[in-house]
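Walk through this model one element at a time. Keep the sequence and the 3D view side by side.

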Amino acid sequence: MSDQAKDERAPEEIETTQASGAQASGAQASGERAEGGVDGDYEALVRLLKENEELKDRALRVAAEMENLRRRTARDVHDARTYAVANFARDMLSVSDNLRRALDAIPAEAKAAGDAGFKALIEGVDLTERAMLSALERHGVKKLAPEGEKFDPNFHQAMFEVPNADVPAGTVVQVVQPGYSIGERVLRPAMVGVSKGGPKAAAAEAAVEPGPVNEQAEKDA
C-alpha cells in the first residue's frame with residue numbers, strides 16, 4: 001500500500017496539522033529562550049548591584065580618607081603657624097632673664113643716688129625687657145606666674161618645699177623663675193616653691209565651696 005493510500009486525510013487537514021506542530025515547536029523554543037533570558041537578566045542585575053555596593057563602599061572610604069587628610073593638614077598648618085617661633089622664643093627667654101637679673105642686681109640705694117645717665121640706662125634696660133616680652137606675647141608666648149595657684153606638674157617645676165600651715169598643701173608660694181607657654185605647649189616650666197604642712201587642697205576647696213544644705217539635718221540638730 002502506498003503512502004498516499006495510507007494517509008486518507010485531506011490536504012487542508014494535513015497542512016493544518018503541520019502548522020500547529022510548527023507553532024507548538026516555536027512556542028516551546030520561545031519559552032525556553034525567554035526563561036534563559038530572565039535567568040541571565042537576573043544574574044546581570046545581581047552582579048550590577050554587587051558592583052554598585054562595592055563602588056559605594058570604595059567612595060565612602062575615599063571620602064573618609066580625604067576628610068582625615070584635610071583635618072591633619074589643617075592641624076599641621078595650625079601647629080606650624082603657632083609653634084614656628086618656639087625655638088627662637090626659647091632662646092630669647094634667656095636674654096630676657098639676663099636683662100631682669102641685671103635690673104634686680106642694682107641696689108635700690110644705687111638707683112636712687114645715681115645720676116641722670118645711670119637712671120636713663122636702667123630705664124632703657126627695663127624698656128628693652130618689656131618690649132621683648134611684648135613681642136613674644138604677640139607671637140603667642142605667654143608668661144606663667146603661678147604664685148598662689150595649685151601646683152601643676154605640667155606647667156611648674158618644684159624646686160623646694162616651704163612649710164606653711166596657712167595655705168593648702170601643694171600651693172605655689174614662691175616663683176623662682178617664671179615660666180612661659182606657647183599655644184597649648186609649655187615653652188619653659190615655671191620654677192617654684194611649693195607649700196607643705198597645710199590642709200589638703202581638696203579639703204580646702206570643700207570648705208570654701210560647701211555642697212547643698214541638708215535642711216532636714218539642720219532641723220534635727
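**From a strand residue to the helices**

Gln177 touches Asp97, Arg101, Arg188, Ala190 and Met191, with residues up to four places away in sequence not counted. Contact here means heavy atoms within 4.5 Å. Gln177 is buried, at a relative accessible area of 14%. The classes are buried (under 20% relative accessible area), exposed (over 50%) and partly exposed (in between), with a 1.4 Å probe and protein chains only. Gln177 lies in strand β3, residues 172-177. Strands (E, at least two residues) and helices (H or I, at least four) are DSSP runs, numbered from the N terminus.

A word on the source: this is a predicted model, in which local features need pLDDT of at least 70 and side-chain atom pairs count only at pLDDT 80 or more, while totals for chains, interfaces and linings use all residues. Residues are numbered from 1 along each chain as its sequence is written, and side-chain values use heavy atoms, with hydrogens and water left out.

Now the sheet. Its 3 strands run in the order β2-β6-β3. The sheet is open, and its pairing is mixed. Two strands count as paired if DSSP finds at least two bridges between them. Strands of a sheet pair through backbone hydrogen bonds, either parallel or antiparallel. The edges are β2 (156-163) and β3, each pairing on one side only. On average, neighbouring strands of this sheet are turned by 30° against each other, direction ignored. β3 pairs with strand β6 (residues 190-196) over 4 bridges, in the antiparallel sense. Look at Val175: its bridge partner in β6 is Val192.

Stay on β6 and find Lys196, which lies in this strand. Lys196 is partly exposed, at 38% relative accessibility. Setting aside neighbours within four places in sequence, Lys196 contacts Glu161, Val162, Pro163, Asn164 and Ala169. The C-alpha atoms of Lys196 and Asp166 are separated by 9.6 Å. These two residues are 30 apart along the chain.

Next comes a hairpin. Strand β4 (residues 179-182) and strand β5 (residues 185-188) pair in the antiparallel sense over 3 bridges. Ser181 has Val186 as its bridge partner in β5. The hairpin of β4 and β5 has 2 residues between the strands, and Gly183 takes a positive phi near 65°.

Turn to the helices. α3 (residues 86-104) packs with α5 (residues 116-138) at an angle of about 155°. Their axes are 10 Å apart. That angle makes α3 roughly antiparallel to α5. Axes are lines fitted to C-alpha atoms, for helices over the stretch in contact, and angles run from 0 to 180 degrees between N-to-C directions. Over 145 degrees counts as roughly antiparallel, under 35 as roughly parallel, 65 to 115 as roughly perpendicular and the rest as oblique.

Which residues meet? In α3, they include Ala89, Met92, Leu93 and Leu99. Among those in α5 are Ile122, Val125, Met132 and Leu136. By class, this contact has 11 nonpolar, 2 polar and 3 charged residues. Nonpolar covers Ala, Val, Leu, Ile, Met, Phe, Trp, Tyr, Cys and Pro; charged covers Asp, Glu, Lys and Arg; the others, Gly among them, are polar.

Finish with Arg100, in helix α3. Arg100 is partly exposed, with a relative accessible area of 31%. Leaving aside neighbours within four places in sequence, Arg100 is in contact with Asp126 and Glu129. The C-alpha atoms of Arg100 and Val125 are 8.5 Å apart.
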